Amino acid sequence: MTVQLRWRLRQVMASREVWTGKELRDLLQRRANFTLSGPSVYALINNEPVQVKTETLQALCITLQCTPNELYGVAAPQDLSLANEPEAADQSDKS
């Protein structure tokens with residue numbers, strides 16, 4: 001089974017009526033005492049992050065009064081056939 005995570009920062013911001021990176025940056029500083037550079041905020045808003053530091057995730061949640069579950073949407077899991085996995089193929093060859 002595979003699970004696809006989707007970064008939803010822009011949607012969460014909009015639902016809190018935070019419309020720009022500058023607004024988010026100012027709110028992060030004021031509400032969470034957390035500083036991010038302009039380019040870092042831009043990247044978080046406009047790109048799917050490869051990784052997010054725990055302290056950044058926590059600051060976003062404090063600032064936007066949300067949970068990590070809201071920031072990461074989960075696409076419906078897809079079942080994968082075990083027959084397509086190498087170990088399953090190896091097991092059937094040994095029988």
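Leaving aside its neighbours within four places in sequence, with which residues is Leu9 in contact?

## Leu9 and the model

Leu9 is in contact with Leu24, Leu44, Ile45, Leu60, Leu64 and Leu71 once its neighbours within four places in sequence are set aside, where contact means heavy atoms within 4.5 Å. The model is predicted, so that local features need pLDDT of at least 70 and side-chain atom pairs count only at pLDDT 80 or more, whereas totals for chains, interfaces and linings use all residues. Residues are numbered from 1 along each chain as its sequence is written, and side-chain values use heavy atoms, with hydrogens and water left out.

Leu9 has its place in helix α1, which covers residues 9–15. Because its relative accessibility is 0%, Leu9 counts as buried, a class that means under 20% relative accessible area, with exposed meaning over 50% and partly exposed lying in between (1.4 Å probe, protein chains only). The C-alpha atom of Leu9 is separated by 8.7 Å from that of Asn46, a residue 37 places apart from Leu9 along the chain.

## Overall arrangement

The chain holds six helices and two strands, and the pattern read along the sequence is β-α-α-α-α-α-β-α. Helices (H or I, at least four residues) and strands (E, at least two) are DSSP runs, numbered from the N terminus. Of the 95 residues in the chain, 25% are buried. Among contacts between residues at least 6 apart in sequence, 66% join residues at least 24 apart.

## Helix α4 and its threonines

Helix α4 spans residues 54–64 and includes Thr63. The buried residues of α4 are Thr56, Leu57, Ala59, Leu60, Cys61, Thr63 and Leu64. Thr63 counts as buried because its relative accessibility is 0%, and a polar atom of its side chain lies 2.8 Å from the backbone oxygen of Ala59. This distance can be set beside the definition of a polar contact, which is a pair of N or O atoms within 3.5 Å; within protein, one must be able to donate a hydrogen and the other to accept it, and residues adjacent in sequence count only if both atoms are side-chain atoms. Not counting residues up to four places away in sequence, Thr63 touches Leu24, Leu27, Leu28, Arg31 and Ala32.

Thr56 also has its place in helix α4 and is buried, with a relative accessible area of 10%. When its neighbours within four places in sequence are left aside, Thr56 is in contact with Phe34, Leu36 and Leu44. Just after α4, Gln65 takes a positive phi of about 50°.

## The cysteine pair

A search of the whole structure finds zero disulfides, a disulfide being a pair of cysteine sulfur atoms within 2.5 Å.

## The largest pocket

The largest pocket has a volume of about 160 Å³. On a 1 Å grid over the protein atoms alone, a pocket is an open set of points where a 1.4 Å probe fits, with protein on both sides within 12 Å along at least five of seven lines, and lining residues have an atom within 4 Å of a point. Grid points are joined across faces, edges and corners, and a volume is the space filled by probe spheres set on the points.

The lining consists of Leu36, Ser40, Ala43, Leu44, Asn47, Glu48, Pro49, Gln51, Val52, Lys53 and Thr56. Helix α3 (residues 38–46) gives the most to this lining, with three residues. By class, the lining has five nonpolar, four polar and two charged residues.

## Positive phi in the loops

Glu17 lies in the loop between α1 and α2, the latter covering residues 21–32, and its phi is near 55°, a positive value in a residue other than glycine. Glu17 is exposed, with a relative accessible area of 58%.

In the loop between α2 and α3 lies Asn33, which has a positive phi of about 50° although it is not a glycine. Asn33 counts as exposed at 63% relative accessibility.

Technical notes: Nonpolar A, V, L, I, M, F, W, Y, C, P; charged D, E, K, R; others polar.
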